[in-house]
Every structure is written in C-alpha cells, then in structure tokens.
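The sequence and structure come first.

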Amino acid sequence: MILNPDQKSPHKKVNLTIENLSQAVFIVNRHAKTAPNPKFLYKLKQESLKKLIEEGKAKKVGLHFSEHPRNSQQQSDVLVECGNYLFHIPPTKSDFMDLPHLGKLDGHIRNPKAVLSLNAAKALLQAYTGITELDPPPGSPKKRPRTYQKPIFKKLGERYS
C-alpha cells in the first residue's frame with residue numbers, strides 16, 4: 001500500500017501498466033500547467049517519460065514547433081507517444097539528428113479523458129520513478145519555528161531601557 005503524507009488512509013496499489021502510467025503523466029501534466037509551483041510536477045512528468053522511453057513502453061515520434069517559444073522565434077519539442085496519449089518534452093541534441101520534424105502542432109488531436117486524482121497520479125509516478133518531493137522548492141522561504149516572546153508592559157512614563 002502507498003500512503004501519501006496528505007492522505008488519511010492508504011489507497012490500493014495500482015499496477016504499473018502503460019495505460020495507468022500514461023494516464024498519471026497526463027493528469028500531472030494537466031495540473032502542472034496551472035500549479036503555483038509546477039517545477040516538481042514537470043520534473044515528475046519528464047523523468048517518468050524518460051524512463052518509459054528507456055524501457056520501450058513509450059517512443060519518440062518526432063519534433064514539433066513549440067506553441068509558446070521562450071526567447072527565440074522558434075523552438076521545438078519532442079512528441080512522445082505513450083499508450084493512447086501524446087506528450088511533449090524538451091529535446092536533446094541527438095533528437096534533432098535522429099527524429100523527423102513534423103512541423104506545426106495539429107490542434108485537432110486530443111488526448112483521451114483520464115479519471116484520476118492528482119494525489120493518486122503523483123503517488124503512482126513517484127513509486128515508478130523513485131522521485132520524492134521532500135525538499136522545498138528553491139526560492140521558497142525557509143520555515144523556522146518562531147519563539148514566543150512575552151510582551152513587556154511598562155507603566156506610563158517609564159522607559160524600556
């Protein structure tokens with residue numbers, strides 16, 4: 001049984017099938033787009049897809065022009081097929097040599113719906129990759145315990161020295 005820190009009771013362990021893993025990647029990717037701190041979710045997605053590709057459970061199809069390039073006029077992403085789902089990941093240098101360029105992204109192709117909670121998807125992918133979210137994200141304020149200091153009240157006219 002897998003128990004997340006934010007869960008009260010454990011949920012059933014799900015088989016690590018291609019379909020379950022691709023659904024979990026889809027859910028994590030969908031939530032990462034609107035998350036306040038998406039770095040961990042994107043890392044979980046990328047590492048999961050990398051491991052799926054290494055195991056032969058997913059394959060790189062080709063390169064697409066990115067919908068939202070960063071600082072350049074054009075940027076390409078690698079299209080990865082995993083089960084019935086398609087995902088984009090950042091390319092490596094060898095991807096430009098090995099993969100065909102598919103041109104512009106076709107907006108009519110959609111991934112199938114997936115019914116899975118974010119916590120279940122994260123737990124599944126964390127169990128698959130071994131990545132944990134223990135360390136706080138960079139830039140977040142460090143939590144340190146506050147020591148309570150009792151207020152000092154002086155009579156009117158007295159000094160605090």
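## Salt bridges and overall build

Lys57 is partly exposed, at 31% relative accessibility; here buried means under 20% relative accessible area, exposed over 50%, and partly exposed in between (1.4 Å probe, protein chains only). The model is a predicted one, in which local features need pLDDT of at least 70 and side-chain atom pairs count only at pLDDT 80 or more, while totals for chains, interfaces and linings use all residues. Residues are numbered from 1 along each chain as its sequence is written, and side-chain values use heavy atoms, with hydrogens and water left out.

The side chain of Lys57 meets that of Glu55 in a salt bridge, with 3.3 Å from N to O. A salt bridge is a side-chain nitrogen of Lys or Arg within 4 Å of a carboxyl oxygen of Asp or Glu. Glu55 is partly exposed too, with a relative accessible area of 38%.

A search of the whole structure finds three salt bridges. Side chains of opposite charge can pair when their charged atoms come close.

| Pair | N to O distance |
|---|---|
| Glu47 and Lys50 | 3.5 Å |
| Glu55 and Lys57 | 3.3 Å |
| Lys60 and Asp95 | 2.9 Å |

Glu47 and Lys50 lie three residues apart in helix α2 (residues 39–54), so about one helical turn separates them. Glu47 is partly exposed at a relative accessible area of 29%, and Lys50 is partly exposed at 38%.

Lys60 forms its salt bridge with Asp95, the closest N and O atoms being 2.9 Å apart. This pair links distant parts of the chain: Lys60 belongs to strand β1 (residues 58–65) and Asp95 to helix α3 (residues 93–98), 35 residues apart. Lys60 is partly exposed, at 29% relative accessibility, whereas Asp95 is buried, with a relative accessible area of 4%.

The protein as a whole has four helices and three strands. Helices (H or I, at least four residues) and strands (E, at least two) are DSSP runs, numbered from the N terminus. Along the sequence they follow the pattern α-α-β-β-β-α-α.

Of the 161 residues, 27% count as buried. The protein exposes about 12300 Å², of which carbon and sulfur atoms supply 54%; the areas come from the Shrake-Rupley method with a 1.4 Å probe, and for residues only the protein chains shown count as cover. Among contacts (heavy atoms within 4.5 Å) between residues at least 6 apart in sequence, 62% join residues at least 24 apart.
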